[in-house]
Amino acid sequence: MGKDKRHLKDSQSFDLENKHKRHPKVKQAIELDGSKEALKKFYADWASDYDDDTSGLKYTACETSYGLFTSLTGSYFLKFDINDKLIRIMDVGCGTGLMGKTLYRNGYRNIDGCDLSYEMTREAEKLNIYNKLTANININKPINPDWANTFDCSFSVGVFTPGHVEPRALNQMIDLTKPGGLIIISTRIAYYETTDYQHVSDQLEHENIIKLLKVDRNQPYTDDSPAHYWAYAVL
Ligand SMILES: C[S@@+](CC[C@H](N)C(=O)[O-])C[C@H]1O[C@@H](n2cnc3c(N)ncnc32)[C@H](O)[C@@H]1O
């Protein structure tokens, strides 16, 4: 069995073995139907408890994404300096701001955020760490042209997960990001397994639109599931 296939099997069994641990909110989240209305309602209800609940379920996606981000310092394909704390960053599906908080704690001071949910961005606003927060942004749809090629680095953490966004939303991440910029995405294992994410990623690479710099597979995410973490340079 090839290396990747073995990892796949391990992650599938991990997912099955840990189903019983699944927090009821996570269970509901990954069973959403992907409609804008269902997502908005679900996150409006969860916004005020989201941080407590996710810390209870050992949600480590932001730290893991940050580790991947810093590991790319000096990459030949990136036309910005990862150590420059003023690079323009977009946090897509920022939620209550956990990724922004991780970046801010590490010195980054030029972070914008956007999300479908008004209530989640209101929670993020309380942190006072984002330059600009925009609600009612659906990353499944083309981005506002004013944002095209604007960001040195775009993160989307905890968003490429079942019932949330389509793999093709990777196109919108690319549109936001400058050529020579970086995209960091987490994919929950069940999402990777049940969507054509790999195909979409391969196709965009094949078309020389992005270059996959690194994928860290089966890394910590929540106590009920690992995730893959992807880093792409925009070409
Ligand atoms: C599990 S939360 C992750 C939030 C944050 N990134 C984190 O790591 O804590 C998923 C977030 O994605 C947002 N979201 C879901 N579908 C979206 C879409 N189509 N466009 C933009 N944001 C979306 C939700 O509103 C929610 O805030």
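A polar contact here is a pair of N or O atoms within 3.5 Å. With that in hand, and keeping in mind that this is a predicted model, look at I139: one of its backbone N or O atoms is 3.0 Å from a nitrogen atom of the ligand, so the pair falls inside the 3.5 Å cut-off.

For V157, a backbone N or O atom is 2.7 Å from a ligand nitrogen, while for I137 a polar backbone atom sits 3.2 Å from a nitrogen atom of the ligand. As for cover, the ligand on its own would expose 600 Å², and the protein buries 97% of that.

## Where the ligand sits

The ligand is in the largest pocket. Two elements each give two or more residues to the shell around it: helix α3 (36-46) and strand β4 (151-160). Of the elements, β4 gives the most, with three residues.

## Who is in the shell

Altogether, 22 residues surround the ligand, and the closest are Y50, Y59, G93, D115 and V157.

Sorted by class, the shell comes out as 14 nonpolar, seven polar and one charged residues.

## A look at S65

Now over to helix α5 (residues 61-71), where S65 lies. Is S65 buried or exposed? S65 counts as buried because its relative accessible area is 0%, and the cut-off for buried is under 20%.

Technical notes:
Residues numbered from 1 in each chain as written. Predicted model: local features only at pLDDT ≥ 70, side-chain atom pairs only at ≥ 80, totals over all residues. Heavy atoms only, no water. Near = heavy atom within 4 Å. Polar contact = N/O pair within 3.5 Å; in protein donor to acceptor, adjacent residues only side chain to side chain. Areas by Shrake-Rupley, 256 points an atom, 1.4 Å probe, with all protein chains shown as cover. 1 Å grid on protein atoms, 1.4 Å probe; cavity = no way out; pocket = protein on both sides within 12 Å on 5 of 7 lines; lining within 4 Å. Sits in = over half its atoms within 2 Å of the grid points. Helix = DSSP H or I, 4+ residues; strand = E, 2+ residues; numbered from the N terminus. Nonpolar A, V, L, I, M, F, W, Y, C, P; charged D, E, K, R; others polar. Buried < 20%, exposed > 50% of the residue type's maximum accessible area, 1.4 Å probe, protein only.
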